[in-house]
Amino acid sequence: MRIPLSVLDLAPVARGETYGNSIAASVALAQAAEEAGYTRVWYAEHHNMPSIASSATSVLIAHVGAHTSTIRLGAGGVMLPNHSPLTIAEQFGTLEAMYPGRIDLGLGRAPGSDQNTMYALRRDPASAERFPQDVLELQGYLTGRSRVPGVQAVPGRGAHVPLYVLGSSMFGAGLAAALGLPYAFASHFAPQLLEPAVAAYRRDFRPSEQLGAPHVIAGVNAVAADTTEAAREALETTRRRLAVGLFGQGRDLDDDAADLLLSSGAGRHVDGMLTHTAAGTPAEVREALADFARLADADELIVAHQASTTEARLRSVRLTAEAMESVPA
């Protein structure tokens, strides 16, 4: 049995592309992942980012669910400080009613936005400090054991949508261990604390009603292509996109300007984010992902396919799945 593979779909919006095209690409990606045997597809909540179309995760999940049959779908994750636990319980309880046994709910503590966007979301900047309590409140709604007297999630009560704690720090590892929840580490863009966080989670894990033993999902980037050169070219496009998104100050910069950003210091930051990236032919990707799985002590890999076009991402999804068939769990 191979190590389980999943997909993190960032719903990218390429230059000149419409949001509708991006969402249609997400549907095609989920269908390809389902056909190739991936376990789940997750969508991340981001706000005020023109290059990402997954801000309304529950709406996107509902749409993709209608065009797939078996693959699990979820948030990777919902940034809980931006929402009331009751609202999220109702949304994901509704999704579970629509697609029974297929819905996941990953929860993050970061706001996923800047301070002005937090204000626009009408969230208290201190709401992140209530994250552990909010996770427990949300869990209460979904298990039918509400912690708020007289308040139930409808739909959602007793839906038992599985919760996952997302993070890139020791805080998330400790919380997931204490609550007995699966832990997903965002090593696809924040790799620094991967090994100590996973070790602490496994050491301190307490079994729960949802989960009897630790389960680690590790994020990793991949670009699988028919040639090494094609994969490297796609990865270079990703480096440019990240540089512009992080350091372009909202400007739509061409490739030459993006390369200038990369050469002037942004490159070190971007390359640090992409530390855990498997790019190349299927054989090269297989070797890199197998090494990463051992390094991360992972039970499951969630892969962000970083190819620059929809066709290339679909190809990467299929080639990666085929390549990993021979890698044992």
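Modeller: A pocket is an open set of grid points with protein on both sides within 12 Å along at least five of seven lines. The model discussed here is predicted.

Colleague: What is the volume of the second largest pocket?

Modeller: The second largest pocket is lined by 15 residues. By class, this lining has six nonpolar, six polar and three charged residues. The volume that the second largest pocket takes up is about 270 Å³.

Colleague: Which helix supplies the largest share of the lining of the second largest pocket?

Modeller: Among the lining residues, those nearest the centre of the second largest pocket are Gln139, Thr143, Arg145, Glu209 and Gln210. The largest share of the lining amounts to five residues, and it comes from residues 131–143, which form helix α5.

Colleague: At what angle do the axes of α5 and helix α6 cross?

Modeller: Two packed helices are described by the angle between their axes and the distance between the axes. Helix α6 covers residues 170–179, and its axis comes within 11 Å of that of α5. The crossing of α5 past α6 is right-handed, and its angle is roughly 35°.

Colleague: By class, how many nonpolar, polar and charged residues make the contact of α5 with α6?

Modeller: Helix α5 contributes Phe131, Pro132, Val135 and Leu136, while α6 contributes Phe171, Leu175 and Leu179. Phe, Pro, Val and Leu count as nonpolar. The class count is therefore seven nonpolar, no polar and no charged residues.

Colleague: Is α1 roughly parallel or oblique to α11?

Modeller: Helix α1 spans residues 19–36 and α11 spans residues 310–323; their axes lie 9 Å apart, at an angle of about 15°. Angles under 35 degrees count as roughly parallel. The orientation of α1 to α11 is therefore roughly parallel.

Colleague: Which residues of α11 meet α1?

Modeller: The crossing of these two helices, α1 and α11, is right-handed. From α1, the residues in contact are Ala25, Ala28, Leu29, Ala32, Ala33 and Ala36. By class, the contact of α1 with α11 has nine nonpolar, one polar and two charged residues. The partners in α11 are Thr310, Arg313, Leu314, Val317, Arg318 and Ala321.

Colleague: Which element gives the most to the lining of the largest cavity?

Modeller: One cavity of 30 Å³ or more is counted, and about 50 Å³ of space lies in the largest cavity. Its lining consists of Asp9, Ala11, Pro12, Ser22, Ala25, Ser26, Leu29, Thr310, Arg313 and Leu314. At least two lining residues come from each of α1 and α11. With four residues, the element that gives the most is α1.

Colleague: By class, what is the make-up of the lining of the largest cavity?

Modeller: Among the lining residues are Asp9 and Arg313. Asp and Arg count as charged. The make-up of the lining is five nonpolar, three polar and two charged residues.

Colleague: Which residues of α2 make the contact with α1?

Modeller: Helix α1 passes α2 in a right-handed crossing. On the α1 side, the contact is made by Ile23, Val27 and Ala30. By class, this contact has five nonpolar, one polar and no charged residues. On the α2 side are Leu60, His63 and Val64.

Colleague: What is the phi of Asn48?

Modeller: Most residues other than glycine have a negative phi, and most peptide bonds are trans. Asn48 lies in the loop between β2 (40–43) and α2. Although Asn48 is not a glycine, its phi is positive, at about 60°.

Colleague: Is the peptide bond from Val154 to Pro155 cis or trans?

Modeller: Pro155 belongs to the loop between α5 and β5 (163–167). The omega of the bond from Val154 to Pro155 is near -10°, and the bond is cis.

Colleague: Is the peptide bond from Gly76 to Gly77 cis or trans?

Modeller: Gly77 is found in strand β3, which covers residues 72–79. With omega near 0°, the bond from Gly76 to Gly77 is cis.

Terms used:
Residues numbered from 1 in each chain as written. Predicted model: local features only at pLDDT ≥ 70, side-chain atom pairs only at ≥ 80, totals over all residues. Heavy atoms only, no water. Axes fitted to C-alpha atoms, helices over the stretch in contact; angles between N-to-C directions. Parallel < 35°, antiparallel > 145°, perpendicular 65-115°, else oblique. Left-handed = near helix turned anticlockwise from the far one by under 90°. Contact = heavy atoms within 4.5 Å. 1 Å grid on protein atoms, 1.4 Å probe; cavity = no way out; pocket = protein on both sides within 12 Å on 5 of 7 lines; lining within 4 Å. Points joined across faces, edges and corners; volume = space filled by probe spheres on them.
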